Amino acid sequence: MRMNELENPIGSGVELDLVPVACAMCGSAETKPRPVFEGYDYEYRTCDNWFRFVACTDCGHVYLSPRVRIEDIDRIYPRNYTVRVTETEYPAFAPFRWLKLNVLDRGWNRKVIANLQPGSKVLDIGAGFGGNLTYLAKLAPFPLQLFANDLKFEPEARSYLSDRGVTLIEGPIEEVQSEDRFDAIICQHAIEHVPDPGRMVRWISDHLAPGGVLYLETPDLNALSRYIFKNQWQPLSTPRHFHLFSRKALAACILGGDLEIAFHGAIVEASQWSVSLRIKLGMEPHAPRSTGFIYSIISYDNFLIKCVSCMIDLMTIWLGLSTVTQAVIARKPAATA
């Protein structure tokens, strides 16, 4: 039996107006809701609303409905939202940072760089502080033209990126008017946040140069950890995530934008295990290790937890199953004569 919708234990004191929406994948209006996940904003406690992810009765796509109004979007992204306040999501502990940068991330960066040449234009959608963008530029053996997009850039991020010569593009990317054509576009954990993913993919396709490459990451609906943590699964990120993609649904969305998929598979994303476990136990998801003994154990920076989490993800990939994050490398067909 689920908890009482009227008694929110997290107690933010804010109740937002919600609006029901149709499936963005097929346009079907939800007439017989089939809840898949339900819960509060366990991570940031931005509101007291009870939310649900439903499965479309026609195509099966899972999405948030009802959800917050577009004019209230900024309310559900608080100032301490992870992507807003951290330069990168890499842990400070040197061995972990080295592993993340040189083993887990270097592979996809190299695949993107292989499609570039001196002066190529690279855009990062949902860039935050632009850590992924600037790291890719550091790996490239030649200079690149860098562009970063986000709904808005906090002053610290604006200063950080501007000092590195990055051109800033603010606002929903699908509404941006631009004559630029990019040789590579990075879209990491952004497509699940937008009202209309198909529209975003079409914008990406329209703004990729012929032969350009897209690197995209998003949570995988069928991840092993989903079945363990259920409504307390961190990648739900309720109410910030509007969509949860199966691999089939994501592939259909990308192919619908006239892009060719070169790679689609699971990647290691070990941090979500400790955050999901904290939510499951009723702990503060992002509290520092210094908060208490249990927090120091169940922590992204805990060496043992990180090792175990990485091993679980690697074993999951080896077995051909889904981890919490799926990644896609897609290309825009080269122009034909």
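In the predicted model, an open sheet of 7 strands is arranged in the order β8-β7-β6-β9-β10-β13-β12, and its pairing is mixed. From one strand to the next, the twist averages 15°. Within this sheet, β9 and β10 pair in the parallel sense over 6 bridges, and Leu-208 in β10 is the bridge partner of Phe-182. Helix α8 (residues 247–255) lies across β10, β12 and β13, and runs at about 155° to β12.

The largest nonpolar core comprises 28 residues, and those with the most contacts inside it are Val-112, Leu-116, Val-122, Leu-136, Leu-144 and Tyr-215. Two or more residues are given to this core by each of the helices α3 (106–113), α4 (131–139) and α5 (155–162), and likewise by the strands β7 (145–150), β9 (182–188), β10 (208–219) and β13 (325–331). Of these elements, α4 provides the largest share, 4 residues. Apart from this core lies another, of 27 residues, which includes Leu-123, Ile-125, Ile-185 and Ile-254.

The surroundings of Tyr-215 were then examined. When neighbours within four places in sequence are left aside, Tyr-215 is in contact with Trp-108 and Val-112, with Ile-185, Ile-186, Cys-187 and Gln-188, with Ile-267, and with Ala-327, Val-328 and Ile-329. One of these contacts, Val-112, is itself listed with Tyr-215 among the residues having the most contacts inside the largest nonpolar core.

Methods. Residues numbered from 1 in each chain as written. Predicted model: local features only at pLDDT ≥ 70, side-chain atom pairs only at ≥ 80, totals over all residues. Heavy atoms only, no water. Core = buried A, V, L, I, M, F, W, Y, C linked by side-chain atoms within 4.5 Å. Buried < 20%, exposed > 50% of the residue type's maximum accessible area, 1.4 Å probe, protein only. Contact = heavy atoms within 4.5 Å. Pairing = 2+ DSSP bridges. Axes fitted to C-alpha atoms, helices over the stretch in contact; angles between N-to-C directions.
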